[in-house]
Protein chains: 2
Amino acid sequence: MPDYSEIRLAKHFTGGSVTADLFEVTSREIPQPDDGQILLKQTHMSLDPAMFGWMTPDTESYIPPVALGSVMRSSGIAEVVASKHPGFNVGDQVMGLTGWSEYLLSTGEGLNKVPAGVDAETALSVFALPGLTATQGLFNVGRPKAGETLVVSGAAGSVGSLVGQLAKAEGLRVIGVAGTDEKCAWIVDELGFDGAINYKSEDLAGQLAALTPEGIDIYFENTGGAIQNPVFERMNAHGRVVVCGMIADYATAEPAPGPNWIPVIKKRLTIQGFTMPDHYHQIPELLAKLTPYVMAGKIKYRSHVLNGLDSAISGLNLFITGENKGKLLVEL
Amino acid sequence: MPDYSEIRLAKHFTGGSVTADLFEVTSREIPQPDDGQILLKQTHMSLDPAMFGWMTPDTESYIPPVALGSVMRSSGIAEVVASKHPGFNVGDQVMGLTGWSEYLLSTGEGLNKVPAGVDAETALSVFALPGLTATQGLFNVGRPKAGETLVVSGAAGSVGSLVGQLAKAEGLRVIGVAGTDEKCAWIVDELGFDGAINYKSEDLAGQLAALTPEGIDIYFENTGGAIQNPVFERMNAHGRVVVCGMIADYATAEPAPGPNWIPVIKKRLTIQGFTMPDHYHQIPELLAKLTPYVMAGKIKYRSHVLNGLDSAISGLNLFITGENKGKLLVEL
């Protein structure tokens, strides 16, 4: 049998950038399934900001870190190429926690078949973690009401771009915060946001005030960073802050301080963090909520596709630099 | 008729300490009630940290600031000394927003009679703003469960001391944070807290870890300050942070930054601010919740009593220095 490649975590990530020495790339012979198993050939791997947490030794996190010496965790799309499992046929497309590996054996546990008519990029960009996260965070934590104003950071990212479009579809005023003029133009011109702010530009407070004349009711936080304080100043009474990601601080040894809490009292704010592993049992209801928006053509996305298993390693740095344009995927 | 004194706000408070030039003390002739009015002689005035907000020009706050030239707002206990109102008799004791004044006319609107058998100090220290605030914040925001661990800052203060005692009565482990060794001794020896930390001592993180071996489920925030970061590090998954006061920052021109939000995600925390004016319609249910604890002898308090109307001005500085011991009152 020919060989395949897989990538194992060799060292913990401790900040800075993601370097090749954190991983071990190994070559193995492609195995054959035993009874009850299937052999999967992965076609698309998802790269997600949550991976920074999985690569650190922090034992307090919501999902256990990847053990040193284990295949790096990731979700992806794979094709069944051999089956000794009655529930799977050769040619089936499945989605699940496939890991950084070109081939793998599975009992089918934790795998879902990709629905007919949904291509791999849409499956990973909309119906997988990004869409579930956006739906849970916006609707169940943010509790949006038509006419309210929502500001979302990381607005051109995989979660932020969906949050903004779902909120627009619900009748909110939506302002996105992103890190390049190109991303700002994309979310306004292509996704229909009401406005965009490049957080690297000057006078964030002034721009934010001009774009949120009636204040801010919901802040959906994907990044952290300098936008936090001006947003806090403009929150309306009983505003909700949905804390989904802090990508600006994942790679720093000393996380930046957050806003002072005086506005939390004055405006009676609720700041709530969430992560999807608490809500896996809600996936059917989340998909039921999300799917009609997709079917109605309300949801656009773009993918940033890298090529080849090895590209995953340096690809993670695109989250840190903000150079990814859309959902990061690796095509194998 | 003889004269009485009242104190009006002459300038806004902008930080630092509370000085006499912020106020105008005036003398007026005691009026007589018209039909439907009562004349009140105030006997006890309450001083509360919320006053710092009322003295600033911030129009975004939850309750309008005191207009320059108006009598300074405060709650208090007064005796009816003349009545042309069918609902009030001379000798009745009433509680309400009486203001910094020795005498005042009222239509009775917003006044409540002090229940028989409750003395003025208990009324202001337990059944007025401090008890309502502690009850709303602990039970309706904090959602305590027996066996959990609660940390409260400002633990020897009017609200914090009640929060800790109510939580103890509910079966929680309670650790208080205060600013003097005397206060720390009082909350442990007299109020029955499980432990206390002087926030001015060294190694806050180490002391906190030793006193909260099972982590922290609820943090009740009355102060802000250096305790925030070590508390954040020890919050348990799904922990609740009740933001009630930020006295450490009310008198500073540049409020100190808050904790970074990475733990908000990792531990899926909820941070929620509240203020009592949103909950005035719940006062009957809050008193119904609080009263049995008081009747059962579970609630102790101490008052720090100042004398004479003028003492209110410099008295506010005791909140800033932390020198007040218990509920601050002015006896007239």
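I began with the angle classes: angles under 35 degrees count as roughly parallel, over 145 as roughly antiparallel, 65 to 115 as roughly perpendicular, and the rest as oblique. The model I am reading is a predicted one.

**Entry 1: α3 and α4 in chain B.** I looked up helix α3 (residues 129-142) of chain B against helix α4 (residues 158-169) of chain B, and found that they pack at an angle of about 50°, their axes lying 8 Å apart. I therefore noted α3(B) and α4(B) as oblique to each other. On the α3(B) side, the contact is made by P130(B), G131(B), T133(B), A134(B), T135(B), L138(B) and F139(B), and on the α4(B) side by S158(B), V159(B), L162(B), V163(B), L166(B) and A167(B). Sorted by class, the residues of this contact are 9 nonpolar, 4 polar and no charged. I also recorded that α3(B) passes α4(B) in a right-handed crossing.

**Entry 2: the pair in chain A.** I then turned to helix α3 (residues 129-142) and helix α4 (residues 158-169) of chain A, whose axes come within 8 Å and cross at roughly 50°, which makes α3(A) oblique to α4(A).

**Entry 3: E6(B).** I located E6(B) in strand β1 (residues 3-9) of chain B, and I logged E6(B) as buried because its relative accessibility is 4%. The side chains of E6(B) and R8(B) are joined by a polar contact of 2.7 Å. Beyond its neighbours within four places in sequence, E6(B) is in contact with several residues, among them E24(B), R28(B), W100(B) and L309(B).

Technical notes: Residues are numbered from 1 along each chain as its sequence is written. Chains are lettered from A and ligands numbered from 1 in the order in which they are written. This is a predicted model: local features need pLDDT of at least 70, side-chain atom pairs count only at pLDDT 80 or more; totals for chains, interfaces and linings use all residues. Side-chain values use heavy atoms; hydrogens and water are left out. Axes are lines fitted to C-alpha atoms, for helices over the stretch in contact, and angles run from 0 to 180 degrees between N-to-C directions. Helices (H or I, at least four residues) and strands (E, at least two) are DSSP runs, numbered from the N terminus. A crossing is left-handed if the near helix is turned anticlockwise from the far one by less than a right angle, and right-handed if clockwise. Contact means heavy atoms within 4.5 Å. Ala, Val, Leu, Ile, Met, Phe, Trp, Tyr, Cys and Pro count as nonpolar, Asp, Glu, Lys and Arg as charged, and the others, Gly among them, as polar. Buried means under 20% relative accessible area, exposed over 50%, partly exposed in between (1.4 Å probe, protein chains only). A polar contact is a pair of N or O atoms within 3.5 Å; within protein, one must be able to donate a hydrogen and the other to accept it, and residues adjacent in sequence count only if both atoms are side-chain atoms.
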